[in-house]
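The points are grouped by topic for a reader new to it.

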Amino acid sequence: MFSVLVVFAIAVAVPVPSSAAGTGRPGLDLDSATIPTLQTLMDRGLLTSVELTRTYLGRIRTLDDKIHAVLTVDRSALAQAAASDRRRRTGHTRGPLDGIPVLLKDNIDTRGLATTAGSRALLAKAPARDATIVHRLRAEGAVILGKTNLSEWANFRSTNATSGWSGVGAQTNNPYVLDRNPCGSSSGSGAGVAASLAQVAIGTETDGSIVCPAGNNGVVGHKPSLGLVSRTGIAPISAEQDTAGPMARHVVDVAITMSVLQGRDPADPATANYPASQPADYAKLLRPGALRGARIGVWRQAGIDQDVDRVVAGTVATLRARGATVVEVDLPYREEFGAVELPALISEFTRDLPAYLARRPGVQKTLAELVEFNRQDPVELSRFGQELFEQALTAPGTDDPAYQQWRATATSLARRSIDETMAADNLDAIVSPTNGPAWRTTYGHGDDGFLLESSGPAAVSGYPNIAVPAGYAGELPIGVSFFAGRWSDATVLALAAAYETANPVRHPPRYLPTA
């Protein structure tokens with residue numbers, strides 16, 4: 001939490017009406033529309049990027065008072081959309097993201113827009129430069145719509161934090177049931193996409209912060225292999241686990257966005273290992289029959305929640321019906337690497353956050369300064385403390401042998417957990433529940449109703465993990481996650497897309513006040 005060319009069923013006519021589409025195109029059903037659908041409509045002159053962007057802005061105005069997903073809207077969004085429309089009219093469209101509105105988690109540097117990681121300490125001055133991934137999005141013509149709320153400092157300030165709360169944006173709510181938690185730390189990105197406030201959002205993850213909000217909010221979230229996507233210009237926790245990744249309502253949109261985000265960055269050494277064989281266009285690899293002949297391990301985590309057990313049983317039945325061989329598995333070493341993950345992350349935080357702050361003019365430069373700012377600020381400590389910040393002040397440095405042993409143990413055992421499990425049964429991927437039903441949002445006891453997760457092995461190992469909607473507990477979404485070995489992003493995307501097609505359970509939120 002901290003943290004074969006096939007594009008399925010492309011519509012060629014304006015989709016069915018939506019009841020809250022905003023003021024741009026009232027007849028456009030954004031919830032069901034995919035990027036390929038939208039591009040087809042724009043190519044045929046049935047829709048413009050300006051109309052699409054105006055529609056999303058209208059939804060933000062209409063709905064976000066209930067959800068609190070969006071911190072700020074980019075005032076240049078309509079001008080960006082108009083530029084995209086001009087390119088299209090003259091035959092210079094840049095690619096499948098041209099004209100598509102995208103929201104960015106507010107720990108991703110965005111030129112001219114406040115980038116705060118949810119902290120009031122970073123409100124003083126906006127970044128002067130875009131993060132590398134924002135530069136890549138702009139270069140492909142995406143419309144930067146605005147910034148989303150998050151669990152402050154990506155859920156790495158307090159041991160007792162409530163997910164989705166920040167000093168800047170207050171509490172993001174789950175759009176399915178508003179008194180339930182959206183999970184974190186990419187809370188606004190998950191909730192905003194679920195509510196159709198953008199076509200795509202970018203989240204970040206250290207451990208669970210993309211896939212858990214995807215699960216809780218009933219959307220798709222892909223945590224890429226470490227090193228596939230640049231982290232330059234993103235407020236960090238740990239260079240050993242952090243990555244950015246896309247969140248959307250449909251796997252195909254996540255695949256298209258991943259193709260834009262990925263790539264080497266000389267400023268991020270992790271991307272030097274990016275393999276030349278990595279696909280340039282993931283969407284071209286999606287095919288409805290990807291499950292046939294696949295060998296998939298199921299890590300059920302049975303007995304924790306009956307609704308999760310029911311959804312996982314349904315998932316297994318779907319996989320088998322589509323021709324997959326399903327093997328029951330349990331992942332080893334979880335307690336061992338889990339015991340040293342947090343100490344390692346705290347030491348890495350003391351190295352990586354000050355290095356990021358040094359590149360941000362006009363803000364605090366040290367953890368000690370941030371701790372003191374929070375003590376003096378009337379809002380920052382109003383809901384929970386800053387225990388992790390305080391622990392970081394005295395944590396061993398990354399040159400300390402104790403730290404080095406923690407990290408070596410965490411990474412090696414997490415990788416063995418997945419690699420050995422997959423090798424033992426010749427598996428293509430492992431599937432497990434992403435989340436339990438969203439818990440009531442409260443303060444004083446952290447995420448008190450948080451039941452289960454499956455993010456740890458992939459997060460700590462640096463392996464890919466994608467969450468996809470799988471079912472509901474009443475109105476509360478439950479997702480399943482597909483994960484596998486390093487650089488197997490194309491495999492898990494393809495399996496998730498085939499599963500999504502076989503199990504089209506997702507429905508839009510109804511914004512219920514309580515369950």
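Strand S7 (residues 220–223) pairs with strand S8 in the antiparallel sense over two bridges, and Ala248 in S8 is the bridge partner of Val220. These features come from a predicted model.

**Strand S8 and its partners**

- Strand S6 (residues 200–205) also pairs with S8 in the antiparallel sense, over six bridges.
- Within the pairing of S6 and S8, Thr204 stands opposite Ala244.
- S8 spans residues 243–248 and is mostly covered, with six of its six residues buried.
- In a regular strand, side chains alternate between the two faces of the sheet.
- In S8, Thr243, Gly245 and Met247 point one way, while Ala244, Pro246 and Ala248 point the other way; all are buried.

**The disulfide**

- The structure holds one disulfide, which joins Cys183 to Cys212 with an S to S distance of 2.0 Å.
- This pair links distant parts of the chain, 29 residues apart: Cys183 lies in the loop between strand S5 (170–171) and helix H6 (187–194), and Cys212 lies in helix H7 (residues 211–217).
- The disulfide is right-handed because the torsion about the S-S bond of Cys183 and Cys212 is about 100°.
- Both Cys183 and Cys212 are buried.

**Helix H11**

- In helix H11 (residues 367–376), the buried residues are Leu367, Leu370, Val371 and Asn374.
- These residues cover an arc of only 100° around the axis, so they are on the same side of H11.
- The buried residues of H11 pack against helix H5 (152–155), helix H10 (334–357) and helix H12 (387–393).

Conventions. Residues are numbered from 1 along each chain as its sequence is written. This is a predicted model: local features need pLDDT of at least 70, side-chain atom pairs count only at pLDDT 80 or more; totals for chains, interfaces and linings use all residues. Side-chain values use heavy atoms; hydrogens and water are left out. A disulfide is a pair of cysteine sulfur atoms within 2.5 Å. Helices (H or I, at least four residues) and strands (E, at least two) are DSSP runs, numbered from the N terminus. Buried means under 20% relative accessible area, exposed over 50%, partly exposed in between (1.4 Å probe, protein chains only). The arc is that of the directions from the helix axis to the C-beta atoms. Contact means heavy atoms within 4.5 Å. Two strands pair if DSSP finds at least two bridges between them.
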